[in-house]
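Colleague: Walk me through this one slowly, please. I'd like to learn how to read each feature as we go.

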Amino acid sequence: MDLRISEVIFIAGFIAYVVIRGVYDRRAGTTEKKLSKFSAAEKLLLVPVGVGSLLLPLVYLFTPLVNFANYAVPTAFVWIGTPLMLFALWLFWRSHADLGRNFSMMVEIRE
């Protein structure tokens with residue numbers, strides 16, 4: 001299988017993930033916070049999460065820095081993984097939609 005197809009599928013899923021998160025984060029930002037418990041430990045742990053979920057995939061796709069970790073993926077894995085990714089994106093969207101304006105990446109109580 002051409003690696004380009006799997007990369008395009010991944011990029012589409014990545015963009016969907018970022019858009020879902022951005023839309024609900026923007027909507028929730030307009031709601032007043034009653035209480036926010038955002039400790040230094042949470043701030044510290046949020047950095048590797050951001051690096052691992054946002055920065056590292058972009059580095060992999062657009063630079064040769066992590067080419068040493070490339071390996072061949074069987075075609076079946078791409079076609080099995082695509083519906084799994086779609087289900088995960090649907091679940092991610094559904095959880096954000098259910099929370100609505102109460103969505104928060106941190107422990108917060110909103111109006």
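Modeller: Let's start with the largest pocket: H1, H2 and H3 each supply at least two residues of its lining. Helices here are DSSP runs of H or I with at least four residues, strands are runs of E with at least two, and both are numbered from the N terminus. Bear in mind that this is a predicted model, with local features needing pLDDT of at least 70 and side-chain atom pairs pLDDT 80 or more, while totals for chains, interfaces and linings use all residues. Residues are numbered from 1 along each chain as its sequence is written, and side-chain values use heavy atoms, with hydrogens and water left out.

Colleague: Which residues lie nearest the centre of the largest pocket?

Modeller: First, what counts: on a 1 Å grid over the protein atoms alone, a pocket is an open set of points with protein on both sides within 12 Å along at least five of seven lines, and lining residues have an atom within 4 Å of a point. Of the 16 residues in this lining, Ser-6, Glu-7, Phe-10, Tyr-60 and Val-73 lie nearest the centre. H1 gives the largest share, five residues. The volume is about 420 Å³, taken as the space filled by probe spheres set on the points, which are joined across faces, edges and corners.

Colleague: Is Glu-7 buried or exposed?

Modeller: Buried means under 20% relative accessible area, exposed over 50% and partly exposed in between, with a 1.4 Å probe and protein chains only. Glu-7, in helix H1, has 17%, so it is buried. Val-78 is one of the buried residues of H3, and the others are Thr-82, Leu-89, Phe-92 and His-96. Across the protein's 111 residues, 20% count as buried.

Colleague: In what order do the elements run from the N terminus?

Modeller: α-β-α-α-β, made up of three helices and two strands.

Colleague: How many Å does H2 reach from its first C-alpha to its last?

Modeller: Compare with the expected span, 1.5 Å times one less than the number of residues. H2 (residues 40-62) has 23 residues and reaches 32 Å, close to the 33 Å expected. For H3, the 25 residues should span 36 Å, and the end C-alpha atoms are 37 Å apart, which agrees.

Colleague: Where does H2 bend?

Modeller: A bend is the angle between axes fitted to the seven residues ending at a residue and the seven starting there. H2 bends by about 40° at Leu-55, and Pro-57 follows within four residues. As for H3, Gly-100 just after it takes a positive phi of about 55°.

Colleague: How many aromatic pairs does the structure hold?

Modeller: Three. Rings of Phe, Tyr and Trp (its six-membered ring) pair if their centres lie within 6.5 Å; planes under 30 degrees apart are stacked, over 60 edge-to-face, and the rest tilted. Tyr-17 and Phe-92 make a tilted pair, 5.1 Å centre to centre with 35° between the planes. Tyr-17 is in H1 (residues 3-28) and Phe-92 in H3 (residues 75-99), so the pair ties together parts 75 residues apart in sequence. Phe-92 is buried at 16%, whereas Tyr-17, at 22%, counts as partly exposed.

Colleague: What sits over the ring of Trp-93?

Modeller: The charged end of Arg-94, 4.9 Å from the ring centre. The test is NZ of Lys or CZ of Arg within 6 Å of the centre and within 35 degrees of the ring normal.

Note on methods. On a 1 Å grid over the protein atoms alone, a cavity is a set of points where a 1.4 Å probe fits but cannot get out, and a pocket is an open set with protein on both sides within 12 Å along at least five of seven lines; lining residues have an atom within 4 Å of a point.
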